[in-house]
Amino acid sequence: MPETIAMPSFSARIVERLSVGATSRRERVIHSLDGLEDPVHPDTLANTGTHLWRLLQEQVPDGLGSVDFLLGLDAGGILPTVSLAGAAHLPYKIAWKLHLPLDGAVRFSEPHAMRTDVFAYGIAPGQRIVIVDDEITTGRTLFDLTRRLREAGAIPLAAACLVEDTTRGARDLLTDLGLPLISLTTIEGSA
């Protein structure tokens, strides 16, 4: 008989970052999937994706319709993107901080990072995209990405994240842009 493994609930918290540059945030959100404190069981990754996919299906007001792919943001957004792609059976792409000679480039900004330029490739008019990241604080990165995708003719349907800092106005910023924000959990960050 297979062993039943108890999966811990998803958790997140804010810790102070050490040795950061003047333009970087002093705090960092850490969470259950990042593997910083505890090893992550593959079932936890899969279950998190399933839960996030259910929330997306329930909370996107006009429905998701036909999603062409998920677009994850490099580094922190890779794990939730892969997790969500597996649960939804959708393909994914990752936006990277690499400027490459590839077609369909969309350049956007991550203003709080040391290297602010991020690039999504293979973006074409009419593509229906769900944006995925690990955490959202101010919403400025997703705001800029959404605007740039729309300028390229793509259709961002929603943004999904693991953790939302509710104190920085990200939800209001994205709502004003007409982009639903779906988050697995919320925390109150340091303002």
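**Overall dimensions and ring contacts**

This is a predicted model. The protein has 191 residues, for which a compact globule would have a radius of gyration near 16 Å; the protein has 16 Å, so the two agree. Taken along the principal axes, the C-alpha atoms fill a box of roughly 50 × 40 × 35 Å.

Let me turn to the secondary structure. The protein comprises four helices and nine strands. Read from the N terminus on, the order of elements is β-β-α-β-α-β-β-β-β-α-β-α-β.

Next, contacts and surface. Among contacts in the protein with a separation of 6 or more, 57% join residues 24 or more positions apart. Of the 191 residues, 44% count as buried. The accessible surface amounts to about 9,900 Å², and carbon and sulfur atoms hold 53% of that surface.

I now come to the aromatic side chains. How many aromatic pairs does the structure hold? There is one. Phe119 and Tyr121 form this pair, with 6.2 Å centre to centre and 15° between the planes, and the pair is stacked. The class follows because planes under 30 degrees apart count as stacked.

Are Phe119 and Tyr121 buried or exposed? Phe119 has a relative accessible area of 4%, so Phe119 is buried. Tyr121, with a relative accessible area of 11%, is buried as well.

Finally, a charge and a ring: Lys93 lies over the face of Phe69, at 5.2 Å from the ring centre.

Thank you for your attention.

Methods:
Residues are numbered from 1 along each chain as its sequence is written. This is a predicted model: local features need pLDDT of at least 70, side-chain atom pairs count only at pLDDT 80 or more; totals for chains, interfaces and linings use all residues. Side-chain values use heavy atoms; hydrogens and water are left out. Rings of Phe, Tyr and Trp (its six-membered ring) pair if their centres lie within 6.5 Å; planes under 30 degrees apart count as stacked, over 60 as edge-to-face and the rest as tilted. Buried means under 20% relative accessible area, exposed over 50%, partly exposed in between (1.4 Å probe, protein chains only). A charge sits over a ring if NZ of Lys or CZ of Arg is within 6 Å of the ring centre and within 35 degrees of the ring normal. Helices (H or I, at least four residues) and strands (E, at least two) are DSSP runs, numbered from the N terminus. The radius of gyration is taken over C-alpha atoms; the globule rule is 2.2 Å times the number of residues to the power 0.38. Contact means heavy atoms within 4.5 Å. Accessible areas come from the Shrake-Rupley method with a 1.4 Å probe; for residues, only the protein chains shown count as cover.
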